[in-house]
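Here's a quick briefing on the structure below.

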Amino acid sequence: MEIISLIKQVPDSTRVKVDPVTGTLIRAGVPSILNPYDHFALEQAIKLKKEHNAKLTVLSMGPPQAEEVVRLALSLGADRGILLSDRAFAGSDTWATSYTLAQAIRKIGKFDLILAGMMAIDGDTAQTGPGVAQQLRLPQITFCNELKVEGKKLIAKKLIEGGHEIVECIMPVLCTMIMPHEYHPSYPSFMSIYKAQVEKPAELWSLKNIDAEIKLLGLEGSPTRVDKIYPPVSKEKGTMYNGSPSEMVEILIQILKEEEVI
Amino acid sequence: MLTISDECIGCTKCVKVCPFGALFMEGKVAKVNESCTLCGACLQSCSVNAIDIPRTIGTVDISAYKGVWVFIELLDAKDGKKQIRPIGHELLSAGKGLAAELKEELCAVLIGHHVSGMIDKLASYGADKVYLVENEMLQDYNTDSFSAVMCALVSQYKPSMVLYPSTYVGRDLAPRVATELFTGLTADCTGLSIKNGHLLQTRPAFGGNIMANILCPEKRPQMATIRPNVMKKNPPVAGAKAVIVTVNIPIDKSIIRVKTVKKLIDESHGIEKIDEAKVIVSGGRGMKDRNGFKLLEELADELNGAVGASRAAIDMGLKPKPHQVGQSGTTVSPTLYIACGISGAIQHLVGMESSDIVIAINKNPDASIFNVAKYGIIGDAHAIVPRLTEALKNRKKA
């Protein structure tokens, strides 16, 4: 069995701060991490690799420094790691990203299963996974939390409104993974980092390594445009009250009456 | 134009799956006629990749695309029948204003089996026209069948925009359709307006720390997903009627590749509850422990409301995940939202700030939650909430 795991390096959005004066994002000092949803999906891929003696390739797209997450995946147990990086890919929206990743996957060739996080925490779109599936004409199962492989069949437990659904599909298929609520990503030991660095270098692919229509890449291949980026507008501050708990309760009752809640 | 190369082995699979009868056999190879809508349903059926739809690179004639469409998601009701998910009414309400400004029609897309009874309801929320696609293969949502139907409808009727709910279904379907049709899709919009004739889509990014305005200037249709409880619902207009366009799109079962084995509906699932509650009493890290949340549950009971929680409280295990309000949880917009011991991280605020009335109770006068609250109470929720519950009980008795 051959598995491809799609991963992305993201700024840790929980640690992004906004400059209170200019309203712009303060990115300096914000660490880059492997997108946690992708991290969980990668761990599932590694588990399946062990169970089924599969070959696992990780694929990422991003600036040269995104090689870090490819190396991380290699030290965690991936067999092959590829970073797609080229100035021609810059400015890609989810359409162009899906296209570029799909062209790279076509170049990788054989696969039975593609795994990705349901979304990345910087853009929160959840569009790239299904986009890649459609580019490759693959079936997709989104928002999965459990996967099982039986012969040629993939069985998944996925979220639906108000519960779960068990679905099955003959591979090849692309699945996007949610992550468990209290998820603590695993990190490699020093020795496995060292071993991976020596034995499994990350491959750097540029435009030359894939067959792609240049007009479908980067900014030009992106149907959407960012018109403006701005800080969230803060509303006018309401009325503030301060006093003893019983005074506050009186005021609250008054408010609830005025607002016709009671 | 769809092309079939000489790789064709004459297997006839594509002829069977074409919803429009546009493919036929001529000798030992497949051919295409003018009924082809470029919906792409045949592409996945071809085992030798002989079929291709070359994409229009560069600008398309956007003036040929007219109409504001809303994809209507159906939910399983308690009696096993289907019903319109309320977000459908919210999107029709939002679409109405956009359609009026563009002087275009507002259209609902209704896909299912025996669903025509819902048309008047869609008309009452403003739909001028309803595209109706019914057959037994469309009883339940499936990625393959629904994306084939949507691609076919869009290719044939050319709307200027399509709005989808940002739900498990909408987020599964919309990116497939946008990818296939080579057009733009913006996720999780919180605002929609018109700028120079284009759809201006506003969405939060970076966990709500910034807002971005997105345009899709050169491709059509413009597509967006919108979260439930973000757009305000218009009051329904009784007796309104819509023009019905019935489209026959037969679905061959071979195109359905992912099959449902079993559905497990969680009875105690809280999403629906906080999604639809008129009153929400919500707690954060400041509620400290489960006993703190018990105080909130008692107050919520008294106000016929539901209990919500911030991500911090969920992370502390004080409430299960379905109760989470915020960007990574559920977006809510109740009549009354009482935030207790919630500091007001931006990721929480984007999930509740469209509530009609926000009351915040917090010990820290500088907490950001006060920036979105109509009424700010500086004090300890542990002391105030039980006294308030008591006072409400006494009022009822009196």
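A salt bridge here is a side-chain nitrogen of Lys or Arg within 4 Å of a carboxyl oxygen of Asp or Glu. By that rule, the structure holds 29 salt bridges over all chains. Keep in mind that this is a predicted model, where local features need pLDDT of at least 70, side-chain atom pairs count only at pLDDT 80 or more, and totals for chains, interfaces and linings use all residues. Residues are numbered from 1 along each chain as its sequence is written, chains are lettered from A and ligands numbered from 1 in the order in which they are written, and side-chain values use heavy atoms, with hydrogens and water left out.

**Chain A on its own**

- Chain A has six helices and 15 strands; these are DSSP runs numbered from the N terminus, with helices being H or I over at least four residues and strands being E over at least two.
- The C-alpha trace of chain A spans about 70 × 40 × 40 Å along its principal axes.
- Of the 262 residues in chain A, 53% are buried; buried means under 20% relative accessible area, exposed over 50%, and partly exposed in between, using a 1.4 Å probe and protein chains only.
- If you take the contacts in chain A (heavy atoms within 4.5 Å) between residues at least 6 apart in sequence, 69% of them join residues at least 24 apart.

**Where chain A meets chain B**

- On the contact count, 79 residues of chain A touch 83 residues of chain B.
- The two chains bury about 7,400 Å² between them, 61% of it on carbon and sulfur atoms; buried area is the accessible area (1.4 Å probe) that two parts lose on being put together, summed over both.
- In chain A, the residues that lose the most area to chain B are A:Arg137, A:Glu161 and A:His181, together 10% of what that side buries.
- Between chain A and chain B there are 32 residue pairs in polar contact, both residues at pLDDT 80 or more. A polar contact is a pair of N or O atoms within 3.5 Å; within protein, one must be able to donate a hydrogen and the other to accept it, and residues adjacent in sequence count only if both atoms are side-chain atoms.
- Several elements of chain A each supply at least two residues of the side that touches chain B, among them helix H4 (128-135), strand E9 (140-150), strand E14 (225-230) and helix H6 (245-258).
- The largest share of that side, ten residues, comes from H6(A).
- By type, the chain A side divides into 39 nonpolar, 21 polar and 19 charged residues. Ala, Val, Leu, Ile, Met, Phe, Trp, Tyr, Cys and Pro count as nonpolar, Asp, Glu, Lys and Arg as charged, and the others, Gly among them, as polar.

- E14(A) and strand E14 (residues 210-215) of chain B pair in the antiparallel sense over five bridges; two strands count as paired if DSSP finds at least two bridges between them.

**Salt bridges between the chains**

- The rule finds four salt bridges across the interface of chain A and chain B.
- One of them joins A:Asp227 to B:Lys195, with the closest N and O atoms 2.9 Å apart.
- B:Lys374 also forms one with A:Glu259, at 2.7 Å between the closest N and O atoms. This pair runs from the loop between E21 and strand E22 (375-378) of chain B to the segment after H6 of chain A.
- B:Lys374 is partly exposed at 41% relative accessibility, and A:Glu259 is partly exposed at 21%.

**Salt bridges within a chain**

- A:Lys157 and A:Glu146 form a salt bridge, the closest N and O atoms being 3.9 Å apart. A:Lys157 sits in strand E10 of chain A and A:Glu146 in strand E9 of chain A, eleven residues apart.
- In chain B, the side chains of B:Lys319 and B:Glu297 meet in a salt bridge at 3.0 Å, N to O. B:Lys319 lies in the loop between helix H8 (311-315) and strand E20 (336-340) and B:Glu297 in helix H7 (residues 290-302), so the pair ties together parts that are 22 residues apart in sequence.
- B:Lys319 is buried, at 15% relative accessible area, whereas B:Glu297 is partly exposed at 30%.
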